[in-house]
Amino acid sequence: VNGEIRWYWEGVPDVDIAYETQYLGGGLLSWGGGYYDGAPPELLDVDGNVLYVTGSPNAQSHVFHHDGKVIDSGEVMLMMIEGANDGAGLYWDGFAVGLVDTTTNTDTFYWSSQTAVDAGDLPPGSGDPWHANWADYRHDPVNGDRLYVSLCNLGDVMSVDAATGEVVWKLGDGGDLTVEYPTGELVPPGK
């Protein structure tokens, strides 16, 4: 209030802009992710006491990338770096997204960008061609659970059916959805 500092944590390690931090209410925080950092998402209290560190099998076998947060179901969502390839010898940095149950520390969902490459929904590349930098997961009893991922270098957001792993739609240049101005005129590609 009035620009006053309400809380400050001195124990935070050297972080960059790629970390996800959330206040969950009741004096609980989550933070983690990073960019090419081994920073598993954690739950902690406002005194800096670590209450939970993501340590599921998928979490232990990957490097975290940007997003790491608690979703509405209470599961921790992880975005991780995972290699991708075209099946003909070209390899690059892809990504994976997973969910972890914090009570059992087990993986409850896992999806790899390689699935979208194999289906022709993501183009092959080199280096970090898509740079996934945000994800969200929604449990939806009506339409089925969905994973949403922002692909910075493509300028796209895509929706993935969690049950099948198939890309449902993409928003962006060459995507499945169109964007209109309030007048009804289509927004041209690249705008």
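Here's a quick walk through one protein model, from the overall picture down to a few strands and a surface patch.

First, the ground rules. This is a predicted model, where local features need pLDDT of at least 70 and side-chain atom pairs count only at pLDDT 80 or more, while totals for chains, interfaces and linings use all residues. Residues are numbered from 1 along each chain as its sequence is written, and side-chain values use heavy atoms, with hydrogens and water left out.

So how confident is the predictor? pLDDT is its confidence in each residue, from 0 to 100. The protein averages 87, and 91% of the residues score at least 70.

On to the layout. We've got 2 helices and 12 strands; these are DSSP runs numbered from the N terminus, with helices being H or I of at least four residues and strands being E of at least two. In sequence order, the pattern goes β-β-β-β-α-β-β-β-β-α-β-β-β-β. Along the principal axes, the C-alpha atoms fill a box of roughly 50 × 45 × 35 Å.

What about burial? Buried means under 20% relative accessible area, exposed means over 50%, and partly exposed is in between, using a 1.4 Å probe and protein chains only. Of the 191 residues, 42% count as buried.

Now let's zoom in on strand β10, residues 146-151. Here 5 of the 6 residues are buried, so the strand is largely enclosed by the rest of the structure. Who are its neighbours? Strand β9, residues 132-138, pairs with β10 in the antiparallel sense over 6 bridges; two strands pair if DSSP finds at least two bridges between them. In that pairing, A132 has L151 in β10 as its bridge partner. The β10 and β11 hairpin has 4 residues between the strands, and G155 takes a positive phi near 70°.

Last stop, the surface. L24 sits in strand β1, residues 19-25. Because its relative accessibility is 35%, L24 counts as partly exposed. Together, L24, L28 and L51 make a nonpolar surface patch of about 240 Å². Patch residues have over 30% relative accessible area and no salt bridge, with like charges joined within 9 Å and nonpolar side chains (Val, Leu, Ile, Met, Phe, Trp, Tyr) within 5 Å; a salt bridge is a side-chain nitrogen of Lys or Arg within 4 Å of a carboxyl oxygen of Asp or Glu. Accessible areas come from the Shrake-Rupley method with a 1.4 Å probe, and for residues only the protein chains shown count as cover.

Note on methods. pLDDT = per-residue confidence, 0-100.
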